Amino acid sequence: MLPTRRLGNQGLEVPAIGLGCMGMSYAYGPSDDTESVRVLERALEMGCNFFDTAEVYGPFENERLLGRVLKGRRDKAIIATKFGFRFENGAVTGADSRPEHIREVVDASLSRLGTDYIDLLYQHRVDPNVPIEDVAGTVGELVKAGKVRYFGLSEAGERTIRRAHAVHPVSALQSEYSLWHRDLEASILPCLRELGVGLVPFAPLGRGFLTGTARRAEDFPEGDSRRTSDPRLQGENFDANVKLAKTLAGYATQIGATPAQLALAWLLSRSDDIVPIPGTRRVGRLEENLGAASLHIEPAMTRTLDAHFGAGATTGSRYKATAMMALLADPA
């Protein structure tokens, strides 16, 4: 069984490593629900019961998948899901965090998940047209109503985090953080420590890049978002970044671990309020990832990794320019 960690100061306790469920239904090409169910079942067996989903994954299909697996044993899982988008014909057409929309999304998510409460509810992306105070207040009302237990933000900036937390306590921030993306360290991590907010890193393995199976963007199959969405996997950026992946693999070999395990163990060693959520669609990969929870890395190895994978070491932006502009929204 996995050790547990606390996210925030409001009482949310989760396993040290969670499971990102997005790829089971979204973004990475054709899905295989049968294999995904095996992964979710094995995760429960191993104590990895912190499942991360969202209405946009599918859209809607990932929540339904999770609901089917957890039917009759809802109490065995900790579910995190997200709101914040507007859809037309199954496609995202913009942000939408209006209070009335949040309430509608939560009711729909509860129905798909087959439950009457959500453990951790995130705003998926900041909506520049809705004051974050209104968002936090609405989630606070849902907490009082018993539909939600804890409030989270995803990819939010420092000012947004502070403003939201002043209205209703934020238990967790979900953002990309890993050996090859460390931009949070300058201002976001100090803010989280000050406020007592936990961090849930998504893409802790660089969307597979740090596992030792790095591929160029064009080598991913049609339907896999990594073909077009991540500049770090393209052209000269890939050539530069693959050297980092090979460096990590070399250090992992030295300590008898896999690159994925070393990358996750590095994250876990940063602070006891960090809970990564690597995603996978394979039982073997799940078991490999969870092995990182028992991997101890010596301070000398940590210093070596920090030297090779410092902020700015990765070449290329993590999203296209238009997507990056949306992520930078942090209203005063």
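1. Q123 is buried, at a relative accessible area of 1% (buried means under 20% relative accessible area with a 1.4 Å probe, protein chains only). Q123 belongs to strand 8 (strands are DSSP E runs of at least two residues, helices H or I runs of at least four, numbered from the N terminus). Beyond four places in sequence, Q123 touches F83, S97, I132, V135, G152, L153 and S154 (contact: heavy atoms within 4.5 Å).

2. The model is predicted: local features need pLDDT of at least 70, side-chain atom pairs 80 or more, while totals for chains, interfaces and linings use all residues. Residues are numbered from 1 along each chain as its sequence is written, and side-chain values use heavy atoms, without hydrogens and water.

3. Helix 3 covers residues 99-113. Buried here are H101, I102, V105, V106, S109, L110, R112 and L113. Their cover includes helix 2, helix 4 and strand 8. Just after helix 3, G114 has a positive phi of about 70°.

4. The whole structure holds 5 aromatic pairs (Phe, Tyr or Trp six-membered ring centres within 6.5 Å; stacked means planes under 30 degrees apart). W180 and F209 are stacked, 4.5 Å centre to centre with 10° between planes. Both lie in loops, so the pair ties together parts 29 residues apart in sequence. W180 is buried at 4%, F209 at 3%. W180, F209 and F238 form one aromatic cluster.

Definitions and conventions:
The expected span of a helix is 1.5 Å times one less than its number of residues. Buried means under 20% relative accessible area, exposed over 50%, partly exposed in between (1.4 Å probe, protein chains only). Rings of Phe, Tyr and Trp (its six-membered ring) pair if their centres lie within 6.5 Å; planes under 30 degrees apart count as stacked, over 60 as edge-to-face and the rest as tilted.
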